[in-house]
Amino acid sequence: MQELLYASAMAFIIALLIGPMIIPVLRGLKFGQSIRQEGPESHYAKAGTPTMGGIIILIALIIPVVIFGGKSSEIWLALFVTLGHGLIGFLDDFIKVVLKRSLGLKAKQKLLGQIIMAVALAYIATNYMGRGTDLWVPLLGITVDFGPLYYVLIFLVLVGTTNAVNLTDGLDGLAAGTTTIAAVAYAVIAMSFAKTNLAIFCVALAGASLGFLKYNAHPAKIFMGDTGSLALGGALATVAVLTKTELLLVIVGGVFVLEALSVIIQVISFKLTGKRVFRMSPIHHHFELAGWSESKVVTVFWLTGVVFSAIALVILVVSQTGGI
C-alpha cells in the first residue's frame with residue numbers, strides 16, 4: 001500500500017515541478033494550438049496556447065513506474081504501449097503544430113501505428129504472460145474464448161479507447177480529470193485481481209494526470225494534445241486487457257464512450273437525414289452551446305465519471321462474490 005501512495009505522490013509532484021519548465025519551452029518554440037473555426041467562438045481566445053503537454057504526463061508517469069514497478073513484465077508492457085501511443089500522438093502534434101499541416105498524420109499512418117501497438121500487446125500478453133484469449137463477462141461470471149479473433153478485439157479496444165479519450169480532450173481539464181478518475185478506479189480493479197504492479201501503474205497515471213491538471217484546468221496554460229490523449233487512452237486500454245476487464249472499461253470510461261457515441265450519432269444522423277441531433281459534437285460542445293459555462297460542463301462530466309466508476313466497482317464486487 002505504501003508503494004501505491006509513494007508512486008502516486010511522486011508522479012503528482014513531478015508533474016507539478018516540470019510543468020513550469022516545459023510550458024515556457026513549448027511557448028518559446030511556438031508549439032501553439034490552432035483552434036478549428038467551426039468550433040465554439042468562446043474557444044478562439046485559446047489559439048496559441050502551448051500544446052504537446054502530454055510530455056509532462058509521460059515524464060511524470062515513467063519515473064515512479066520505473067522506481068516502484070519492479071521487474072513486473074505487465075507494468076513494462078503497459079508502459080511500452082502507453083509510450084507507443086504517446087509517440088504516435090507526438091508525431092501527429094508535431095506535423096500539425098510545427099510543420100503546419102493541419103491534418104497531422106494521415107489516417108492510414110495513424111492506423112498502422114495503432115495496429116502495431118495492438119499486435120504487440122496481444123502477442124506479448126497471450127504468448128508470454130498467460131493472458132489467454134478469453135473475455136470475462138462481468139455479473140455473469142463466465143468467460144468467452146475468442147481464439148485468434150482476440151487480436152481483433154484488442155485492436156478495437158485500443159483504437160476505441162484512444163480515439164474516445166482524444167475526442168474528450170476538447171475542454172480545459174476535461175480529459176485529464178476524467179482520466180484521473182478512471183485510473184483510480186482501475187487501480188482498485190487491479191488490486192482486486194492481486195495485480196499490485198498494475199495498480200502502481202494506475203495510481204502513477206492518476207497522479208501524473210492530476211498534477212498536469214494544475215496547468216490544464218480552466219483557463220488552461222497548456223493542452224495535452226494527441227501526445228497526451230492517445231497515451232492516456234492506450235494506458236487505460238492496456239490495463240483493461242491485462243486485467244481481463246475490457247467490458248468493465250466501457251463503464252469505467254463511460255464519459256469517453258458518451259463522447260465517442262455523440263460523434264457517431266451526429267455523423268450518421270446528418271448523412272441520413274441532413275439534420276443534427278446535437279448542437280455540436282462531441283457532446284461537451286452541445287452543452288456549451290446550450291449556455292453552460294466551460295467550467296460547469298467539465299465539473300458535471302467529472303462527476304459523471306465518478307458515478308460511472310462507482311457503478312463499475314459495484315459490478316466488480318457483485319461479480320467476484322457470486323454474480324447474478
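This is a predicted model: local features need pLDDT of at least 70, side-chain atom pairs count only at pLDDT 80 or more; totals for chains, interfaces and linings use all residues.
1. Eight salt bridges are found in the whole structure. One of them pairs Lys195 with Glu74, with 2.9 Å between the closest N and O atoms. This pair links distant parts of the chain, 121 residues apart: Lys195 is in the loop between helices H6 and H7, and Glu74 is in helix H3. Lys195 is partly exposed, at 23% relative accessibility, whereas Glu74, at 16%, counts as buried.

2. Asp226 and Lys110 form a salt bridge at 3.8 Å, N to O. The pair joins helix H8, which holds Asp226, to helix H4, which holds Lys110, across 116 residues. Both residues are buried.

3. Arg131 and Glu246 meet in a salt bridge at 2.7 Å, N to O. Arg131 is in the loop between H4 and strand S1, and Glu246 is in helix H9, 115 residues apart. Arg131 and Glu246 are both buried. Elsewhere, salt bridges with shared partners join Asp92, Lys96, Lys110 and Asp226 into one network.

4. Ile62, in helix H2, is partly exposed at 28% relative accessibility.

5. A nonpolar surface patch of about 640 Å² is made by Leu258, Leu261, Ile264, Ile265, Ile268, Leu272 and Val277. Among them, Leu272 belongs to helix H10 and is exposed, with a relative accessible area of 69%.

Methods
Residues are numbered from 1 along each chain as its sequence is written. Side-chain values use heavy atoms; hydrogens and water are left out. Patches are made of residues with over 30% relative accessible area and no salt bridge: like charges are joined within 9 Å, nonpolar side chains (Val, Leu, Ile, Met, Phe, Trp, Tyr) within 5 Å. Accessible areas come from the Shrake-Rupley method with a 1.4 Å probe; for residues, only the protein chains shown count as cover. A salt bridge is a side-chain nitrogen of Lys or Arg within 4 Å of a carboxyl oxygen of Asp or Glu. Helices (H or I, at least four residues) and strands (E, at least two) are DSSP runs, numbered from the N terminus. Buried means under 20% relative accessible area, exposed over 50%, partly exposed in between (1.4 Å probe, protein chains only).
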